[in-house]
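Subject: Structure for you to look at

Hello,

Here is the structure I promised to pass on. Could you open it alongside this note and follow along?

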Amino acid sequence: MADLDQDGDLDVIVNKLNEQAGVYRNQTAAPRLAVRLRGPPANRQGIGAKVVVEGGPVRQSQEFIAGGHYLSGADPLRVFATGSPTNLLRIEVTWRDGRRSVVPDARPNRLYELDYTGAVAVESEPAPARTPHFADVSDRLGHRHHEDPFDDFARQPLLPQRLSQLGPGVAWHDFDGDGWEDLIIGSGRGGVPGFFRNDQRGGFAPCGGRPLNGRWHGTRPRCSASAARCSWGRQTTKTARPTAVASGFTIWRGKRQAKPCWGR
């Protein structure tokens, strides 16, 4: 969009696939007000500045942006409706660094060009204190995530970030069968996941020292006091251990034909 005929309103140019572009003239006759900015040397078009116009039919605001349309852009000119041609309007520009420029008695059917050199600094009001909705109680678990050092970029130099340092996976599962969901925290290579039993009082207790290196029996595990053994009612042996490459763990069912039955 751009004011091609210099009449104070924005005309429209539309690209068409395999056809000539379409040019449309804005023929409205309603009163309007246009604003153009002259920013600092590094940002002459005032990109990022916000303009507010008051005194018209409604309070209006627009922002100067670069691009923002599909494979296209627009003239750095902002046009506002003014309602009656006799209205007195107020233009306020907030530049990216917080400075402000104000035109108190702007009139309709005019183009106003505001220069950054005339902007004034405004003292910002202190942000009100916020009451958090959640509290960090991670220290109650006493759990520390482990990751062996690994250079992701040596294997894939074009990665945007390290994938080996995303932190542990967390799951809820009632592994002791008491009707309360317990907490399972996965681990990285070189560590073991943590099992935490729900104490039914809003907290969690570690389910033993080595819950993944013990034996499991049956179809639903129940942690014993040592947490190295769990009972299920059948005498089928299961062994859980961290995987060798990725975070998480797998529980294998059966003695002869081992199949993963539960895990991450």
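The side chain of Arg 32 comes within 2.7 Å of the backbone oxygen of Thr 28, and it also reaches the backbone oxygen of Asp 7, at 3.4 Å. This is a predicted model, where local features need pLDDT of at least 70, side-chain atom pairs count only at pLDDT 80 or more, and totals for chains, interfaces and linings use all residues. Residues are numbered from 1 along each chain as its sequence is written, and side-chain values use heavy atoms, with hydrogens and water left out.

Arg 32 lies in strand 3, residues 32-38 (strands are DSSP runs of E, at least two residues, numbered from the N terminus). Arg 32 is buried, at 13% relative accessible area (buried means under 20%, with a 1.4 Å probe and protein chains only). Beyond four places in sequence, its contacts (heavy atoms within 4.5 Å) include Asp 9, Phe 80 and Arg 110.

Elsewhere, the lining of the second largest pocket includes Met 1, Lys 16 and Tyr 70. A pocket here is an open set of points on a 1 Å grid where a 1.4 Å probe fits, with protein on both sides within 12 Å along at least five of seven lines; lining residues have an atom within 4 Å of a point.

A word on confidence: the mean pLDDT (the predictor's confidence in each residue, from 0 to 100) is 78, and 78% of residues reach 70 or more. Over residues 210-249 the pLDDT is below 50, as it is over residues 252-264. Where pLDDT is low, the predicted coordinates should not be read in detail.

Best wishes

Terms used
Helices (H or I, at least four residues) and strands (E, at least two) are DSSP runs, numbered from the N terminus. Buried means under 20% relative accessible area, exposed over 50%, partly exposed in between (1.4 Å probe, protein chains only). A polar contact is a pair of N or O atoms within 3.5 Å; within protein, one must be able to donate a hydrogen and the other to accept it, and residues adjacent in sequence count only if both atoms are side-chain atoms.
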